[in-house]
Amino acid sequence: MDSNLFSRRRAERFAQLLDEANGGRRHHVRSRADDQLTALVAVGRRLAVAPPAVKVDPEFRTGLRAMLLATAEREGIGAPAEPSSRRPADAGRSRLLPAVTARRARARGAILVGVAAGAVALSGISAASENAVPGDALYGMKRSTERAQLALASSDVSRGQLFLDFARTRLAEAAALRGDEDGFSAVLDDMDADTRQGVRLLTTAAAQRSDPAALDAINSFLTGQRRAVGGLLDDAGRADRDRTRRSLALLDAARKRSDALRAAIACGLPAPAGSDTLGPAPASCPGER
(Lines give C-alpha, C1' and ligand atoms only; values in the text may rest on other atoms or scores of the structure.)
Protein backbone atom coordinates (compact mmCIF):
# COMPACT_ATOMS: atom_id res chain seq x y z
CA MET A 1 0.00 0.00 0.00
CA ASP A 2 1.26 3.46 -0.87
CA SER A 3 2.10 5.16 2.43
CA ASN A 4 1.70 8.56 0.78
CA LEU A 5 -2.01 7.86 0.44
CA PHE A 6 -2.42 8.46 4.14
CA SER A 7 -0.16 11.47 4.46
CA ARG A 8 -1.53 14.24 6.61
CA ARG A 9 -2.51 16.42 3.67
CA ARG A 10 -4.39 13.63 1.93
CA ALA A 11 -6.01 12.57 5.18
CA GLU A 12 -7.32 16.07 5.78
CA ARG A 13 -8.66 16.23 2.22
CA PHE A 14 -10.24 12.79 2.66
CA ALA A 15 -11.97 14.06 5.81
CA GLN A 16 -13.36 17.01 3.82
CA LEU A 17 -14.68 14.73 1.08
CA LEU A 18 -16.32 12.48 3.65
CA ASP A 19 -17.95 15.51 5.29
CA GLU A 20 -19.30 16.66 1.92
CA ALA A 21 -20.58 13.19 1.03
CA ASN A 22 -22.45 13.05 4.34
CA GLY A 23 -24.13 16.43 3.83
CA GLY A 24 -21.53 18.65 5.45
CA ARG A 25 -20.48 22.05 4.19
CA ARG A 26 -18.68 22.14 0.85
CA HIS A 27 -14.96 22.91 0.89
CA HIS A 28 -14.02 24.95 -2.17
CA VAL A 29 -10.62 23.35 -2.65
CA ARG A 30 -9.26 20.59 -4.82
CA SER A 31 -6.15 18.47 -4.67
CA ARG A 32 -4.33 16.13 -7.03
CA ALA A 33 -5.45 13.20 -4.88
CA ASP A 34 -9.17 13.90 -5.33
CA ASP A 35 -9.65 11.36 -8.12
CA GLN A 36 -8.22 8.57 -5.97
CA LEU A 37 -9.94 9.65 -2.76
CA THR A 38 -13.30 10.23 -4.45
CA ALA A 39 -13.30 6.61 -5.58
CA LEU A 40 -12.85 5.47 -1.98
CA VAL A 41 -15.56 7.84 -0.73
CA ALA A 42 -17.92 6.51 -3.41
CA VAL A 43 -17.30 2.96 -2.22
CA GLY A 44 -18.07 4.02 1.36
CA ARG A 45 -21.30 5.68 0.27
CA ARG A 46 -22.39 2.60 -1.68
CA LEU A 47 -21.73 0.50 1.40
CA ALA A 48 -23.96 2.75 3.47
CA VAL A 49 -26.82 2.69 0.96
CA ALA A 50 -26.68 -0.98 -0.02
CA PRO A 51 -24.53 -3.05 2.33
CA PRO A 52 -23.50 -6.38 0.80
CA ALA A 53 -25.42 -9.43 2.02
CA VAL A 54 -22.21 -11.34 2.63
CA LYS A 55 -21.06 -12.88 5.88
CA VAL A 56 -17.71 -11.42 6.86
CA ASP A 57 -15.06 -14.00 7.69
CA PRO A 58 -14.11 -13.98 11.43
CA GLU A 59 -10.44 -13.88 10.50
CA PHE A 60 -11.09 -10.76 8.43
CA ARG A 61 -12.81 -9.09 11.41
CA THR A 62 -9.87 -9.94 13.65
CA GLY A 63 -7.34 -8.67 11.15
CA LEU A 64 -9.28 -5.46 10.50
CA ARG A 65 -9.60 -4.76 14.23
CA ALA A 66 -5.86 -5.25 14.72
CA MET A 67 -5.10 -2.95 11.77
CA LEU A 68 -7.41 -0.21 13.06
CA LEU A 69 -6.00 -0.41 16.57
CA ALA A 70 -2.46 -0.19 15.22
CA THR A 71 -3.41 2.82 13.09
CA ALA A 72 -5.10 4.50 16.06
CA GLU A 73 -2.05 3.97 18.22
CA ARG A 74 0.32 5.22 15.54
CA GLU A 75 -1.77 8.33 14.86
CA GLY A 76 -2.41 9.06 18.54
CA ILE A 77 -6.20 8.79 18.24
CA GLY A 78 -7.79 8.57 21.69
CA ALA A 79 -4.54 9.30 23.53
CA PRO A 80 -4.82 11.77 26.43
CA ALA A 81 -3.34 15.18 25.87
CA GLU A 82 0.12 15.62 27.32
CA PRO A 83 0.44 18.35 29.97
CA SER A 84 2.64 21.25 29.00
CA SER A 85 3.75 24.52 30.49
CA ARG A 86 3.55 27.65 28.36
CA ARG A 87 5.13 31.02 28.73
CA PRO A 88 2.77 34.03 28.91
CA ALA A 89 3.85 35.04 25.41
CA ASP A 90 2.45 31.75 24.11
CA ALA A 91 -0.97 32.21 25.69
CA GLY A 92 -2.55 33.94 22.68
CA ARG A 93 -1.23 31.44 20.21
CA SER A 94 -2.34 28.50 22.36
CA ARG A 95 -5.98 29.51 21.92
CA LEU A 96 -5.68 28.44 18.27
CA LEU A 97 -4.53 24.95 19.15
CA PRO A 98 -7.91 23.35 20.03
CA ALA A 99 -9.30 24.05 16.54
CA VAL A 100 -6.16 22.73 14.85
CA THR A 101 -6.12 19.67 17.09
CA ALA A 102 -9.78 18.95 16.38
CA ARG A 103 -9.22 19.25 12.65
CA ARG A 104 -6.29 16.86 12.80
CA ALA A 105 -8.30 14.44 14.93
CA ARG A 106 -11.04 14.40 12.30
CA ALA A 107 -8.44 13.79 9.63
CA ARG A 108 -6.96 10.91 11.60
CA GLY A 109 -10.41 9.53 12.19
CA ALA A 110 -10.97 9.72 8.45
CA ILE A 111 -7.95 7.50 8.00
CA LEU A 112 -9.62 4.81 10.08
CA VAL A 113 -12.89 5.22 8.20
CA GLY A 114 -11.01 4.97 4.90
CA VAL A 115 -9.08 1.89 5.99
CA ALA A 116 -12.27 0.21 7.20
CA ALA A 117 -14.32 1.18 4.14
CA GLY A 118 -11.57 0.13 1.79
CA ALA A 119 -11.02 -3.18 3.57
CA VAL A 120 -14.72 -4.02 3.63
CA ALA A 121 -15.11 -2.95 0.01
CA LEU A 122 -12.30 -5.22 -1.10
CA SER A 123 -13.78 -8.17 0.77
CA GLY A 124 -17.55 -8.14 1.18
CA ILE A 125 -18.46 -6.18 -1.94
CA SER A 126 -15.96 -8.08 -4.06
CA ALA A 127 -17.57 -11.34 -3.02
CA ALA A 128 -21.12 -10.08 -3.54
CA SER A 129 -20.50 -8.53 -6.96
CA GLU A 130 -17.94 -11.00 -8.26
CA ASN A 131 -20.20 -12.47 -10.94
CA ALA A 132 -22.09 -9.28 -11.81
CA VAL A 133 -22.27 -8.25 -15.47
CA PRO A 134 -23.35 -4.96 -17.08
CA GLY A 135 -27.00 -4.38 -16.28
CA ASP A 136 -26.88 -6.14 -12.89
CA ALA A 137 -27.58 -4.12 -9.74
CA LEU A 138 -24.15 -4.84 -8.26
CA TYR A 139 -22.12 -4.12 -11.38
CA GLY A 140 -21.51 -0.49 -10.37
CA MET A 141 -20.14 -1.68 -7.04
CA LYS A 142 -17.89 -4.13 -8.84
CA ARG A 143 -16.35 -1.36 -10.93
CA SER A 144 -16.08 0.97 -7.90
CA THR A 145 -14.17 -1.75 -6.07
CA GLU A 146 -11.76 -1.99 -8.99
CA ARG A 147 -11.16 1.77 -8.88
CA ALA A 148 -10.49 1.51 -5.15
CA GLN A 149 -7.95 -1.25 -5.78
CA LEU A 150 -6.16 0.97 -8.30
CA ALA A 151 -6.15 3.87 -5.80
CA LEU A 152 -4.53 1.64 -3.19
CA ALA A 153 -1.93 0.10 -5.53
CA SER A 154 1.62 0.86 -4.44
CA SER A 155 3.34 1.20 -7.84
CA ASP A 156 2.82 1.41 -11.58
CA VAL A 157 3.76 -2.27 -11.84
CA SER A 158 1.00 -3.17 -9.36
CA ARG A 159 -1.46 -0.99 -11.25
CA GLY A 160 -0.44 -2.57 -14.54
CA GLN A 161 -1.03 -6.05 -13.16
CA LEU A 162 -4.41 -4.97 -11.81
CA PHE A 163 -5.46 -3.66 -15.22
CA LEU A 164 -4.56 -7.02 -16.77
CA ASP A 165 -6.61 -8.75 -14.06
CA PHE A 166 -9.52 -6.47 -14.93
CA ALA A 167 -9.12 -7.39 -18.60
CA ARG A 168 -9.53 -11.05 -17.61
CA THR A 169 -12.65 -10.08 -15.68
CA ARG A 170 -14.08 -8.24 -18.68
CA LEU A 171 -13.46 -11.36 -20.78
CA ALA A 172 -15.55 -13.45 -18.39
CA GLU A 173 -18.31 -10.82 -18.61
CA ALA A 174 -18.16 -10.90 -22.40
CA ALA A 175 -18.59 -14.68 -22.40
CA ALA A 176 -21.76 -14.22 -20.32
CA LEU A 177 -23.09 -11.62 -22.78
CA ARG A 178 -22.67 -13.59 -26.00
CA GLY A 179 -25.70 -13.00 -28.20
CA ASP A 180 -26.19 -9.46 -26.87
CA GLU A 181 -24.37 -7.64 -29.67
CA ASP A 182 -24.26 -4.20 -28.04
CA GLY A 183 -23.40 -5.47 -24.56
CA PHE A 184 -20.79 -7.89 -25.89
CA SER A 185 -19.07 -5.20 -27.95
CA ALA A 186 -19.11 -2.68 -25.07
CA VAL A 187 -17.50 -5.13 -22.66
CA LEU A 188 -14.79 -6.00 -25.18
CA ASP A 189 -14.15 -2.26 -25.59
CA ASP A 190 -13.57 -2.06 -21.84
CA MET A 191 -11.42 -5.21 -21.95
CA ASP A 192 -9.22 -3.73 -24.67
CA ALA A 193 -8.90 -0.46 -22.74
CA ASP A 194 -7.78 -2.36 -19.62
CA THR A 195 -5.33 -4.39 -21.72
CA ARG A 196 -3.76 -1.25 -23.19
CA GLN A 197 -3.47 0.42 -19.79
CA GLY A 198 -1.89 -2.63 -18.20
CA VAL A 199 0.55 -3.27 -21.03
CA ARG A 200 1.53 0.42 -21.20
CA LEU A 201 2.29 0.62 -17.46
CA LEU A 202 4.31 -2.60 -17.46
CA THR A 203 6.29 -1.90 -20.65
CA THR A 204 7.08 1.59 -19.37
CA ALA A 205 8.34 0.16 -16.08
CA ALA A 206 10.47 -2.39 -17.93
CA ALA A 207 12.00 0.28 -20.18
CA GLN A 208 12.70 2.69 -17.33
CA ARG A 209 14.38 0.01 -15.24
CA SER A 210 16.00 -1.86 -18.15
CA ASP A 211 14.55 -4.95 -16.49
CA PRO A 212 12.37 -7.44 -18.40
CA ALA A 213 10.68 -8.75 -15.22
CA ALA A 214 7.52 -6.70 -15.85
CA LEU A 215 7.34 -8.16 -19.36
CA ASP A 216 6.98 -11.64 -17.87
CA ALA A 217 3.62 -10.59 -16.40
CA ILE A 218 2.53 -9.33 -19.83
CA ASN A 219 3.50 -12.54 -21.62
CA SER A 220 1.83 -14.72 -19.01
CA PHE A 221 -1.36 -12.69 -19.38
CA LEU A 222 -1.25 -12.77 -23.19
CA THR A 223 -0.80 -16.53 -23.38
CA GLY A 224 -3.96 -17.31 -21.43
CA GLN A 225 -5.96 -14.32 -22.63
CA ARG A 226 -5.45 -14.99 -26.33
CA ARG A 227 -6.54 -18.58 -25.97
CA ALA A 228 -9.66 -17.55 -24.01
CA VAL A 229 -10.56 -14.70 -26.39
CA GLY A 230 -10.17 -17.07 -29.32
CA GLY A 231 -12.78 -19.28 -27.68
CA LEU A 232 -15.34 -16.51 -28.15
CA LEU A 233 -15.25 -17.18 -31.89
CA ASP A 234 -16.92 -20.56 -31.46
CA ASP A 235 -20.56 -20.47 -32.57
CA ALA A 236 -20.47 -16.65 -32.65
CA GLY A 237 -22.47 -14.50 -35.05
CA ARG A 238 -20.73 -12.45 -37.71
CA ALA A 239 -20.76 -9.18 -35.73
CA ASP A 240 -19.41 -10.85 -32.59
CA ARG A 241 -16.70 -12.63 -34.59
CA ASP A 242 -15.56 -9.39 -36.23
CA ARG A 243 -15.43 -7.63 -32.87
CA THR A 244 -13.56 -10.53 -31.26
CA ARG A 245 -10.91 -10.49 -34.00
CA ARG A 246 -10.15 -6.85 -33.17
CA SER A 247 -9.37 -7.86 -29.59
CA LEU A 248 -7.18 -10.71 -30.85
CA ALA A 249 -5.27 -8.25 -33.06
CA LEU A 250 -4.62 -6.06 -30.01
CA LEU A 251 -3.25 -9.03 -28.05
CA ASP A 252 -0.96 -9.92 -30.96
CA ALA A 253 0.30 -6.32 -31.13
CA ALA A 254 0.96 -6.36 -27.38
CA ARG A 255 2.98 -9.56 -27.73
CA LYS A 256 5.10 -8.06 -30.51
CA ARG A 257 5.74 -4.96 -28.40
CA SER A 258 6.73 -7.03 -25.37
CA ASP A 259 9.10 -9.20 -27.42
CA ALA A 260 10.68 -6.18 -29.14
CA LEU A 261 11.23 -4.41 -25.82
CA ARG A 262 12.72 -7.54 -24.28
CA ALA A 263 15.18 -7.78 -27.18
CA ALA A 264 16.06 -4.08 -26.86
CA ILE A 265 16.81 -4.50 -23.15
CA ALA A 266 18.90 -7.61 -23.83
CA CYS A 267 21.10 -5.80 -26.36
CA GLY A 268 21.53 -2.72 -24.15
CA LEU A 269 19.56 -0.15 -26.14
CA PRO A 270 18.65 3.04 -24.22
CA ALA A 271 15.08 3.58 -23.06
CA PRO A 272 12.92 4.39 -26.12
CA ALA A 273 11.98 8.03 -26.63
CA GLY A 274 8.81 7.27 -28.58
CA SER A 275 5.65 5.85 -27.03
CA ASP A 276 2.07 4.96 -27.95
CA THR A 277 -0.95 3.29 -26.35
CA LEU A 278 1.10 0.13 -25.68
CA GLY A 279 3.99 2.03 -24.11
CA PRO A 280 7.58 2.56 -25.29
CA ALA A 281 8.28 1.69 -28.92
CA PRO A 282 11.89 0.40 -29.05
CA ALA A 283 14.27 0.50 -31.97
CA SER A 284 15.64 -2.72 -33.42
CA CYS A 285 18.91 -4.07 -32.13
CA PRO A 286 21.93 -3.80 -34.47
CA GLY A 287 21.94 -6.59 -37.02
CA GLU A 288 18.17 -7.13 -36.88
CA ARG A 289 16.10 -6.58 -40.00
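Modeller: A helix here is a DSSP run of H or I of at least four residues, a strand is a run of E of at least two, and both are numbered from the N terminus. The model is predicted, so local features need pLDDT of at least 70 and side-chain atom pairs count only at pLDDT 80 or more, while totals for chains, interfaces and linings use all residues. Residues are numbered from 1 along each chain as its sequence is written, and side-chain values use heavy atoms, with hydrogens and water left out.

Colleague: In which loop is aspartate 235 found?

Modeller: Aspartate 235 is not a glycine, yet its phi is positive, near 55°. Its relative accessible area of 81% makes it exposed (over 50%; buried is under 20% and partly exposed lies in between, with a 1.4 Å probe and protein chains only). The loop that holds aspartate 235 is the one between helix 9 and helix 10.

Colleague: What is the phi of serine 210?

Modeller: Serine 210 sits in the loop between helix 8 and helix 9 (213-230). With a relative accessible area of 48%, serine 210 is partly exposed. Although serine 210 is not a glycine, its phi is positive, at about 50°.

Colleague: At roughly what angle do the axes of helix 8 and helix 10 cross?

Modeller: The axes are lines fitted to C-alpha atoms over the stretch in contact, and angles run from 0 to 180 degrees between N-to-C directions. Helix 8 and helix 10 are roughly parallel to each other, a label for angles under 35 degrees, whereas over 145 is roughly antiparallel, 65 to 115 roughly perpendicular and the rest oblique. The axes of helix 8 (residues 181-209) and helix 10 come within 10 Å, and they cross at roughly 5°.

Colleague: How far apart in sequence are the parts that aspartate 216 and arginine 262 tie together?

Modeller: Aspartate 216 and arginine 262 form a salt bridge whose closest N and O atoms are 3.0 Å apart, the term meaning a side-chain nitrogen of Lys or Arg within 4 Å of a carboxyl oxygen of Asp or Glu. Because aspartate 216 lies in helix 9 and arginine 262 in helix 10, the separation in sequence is 46 residues.

Colleague: Is glutamate 146 buried or exposed?

Modeller: Glutamate 146 pairs with arginine 143 in a salt bridge, with 3.2 Å between the closest N and O atoms. Both residues lie in helix 6 (residues 139-152), three residues and about one turn of the helix apart. At a relative accessible area of 8%, glutamate 146 is buried.
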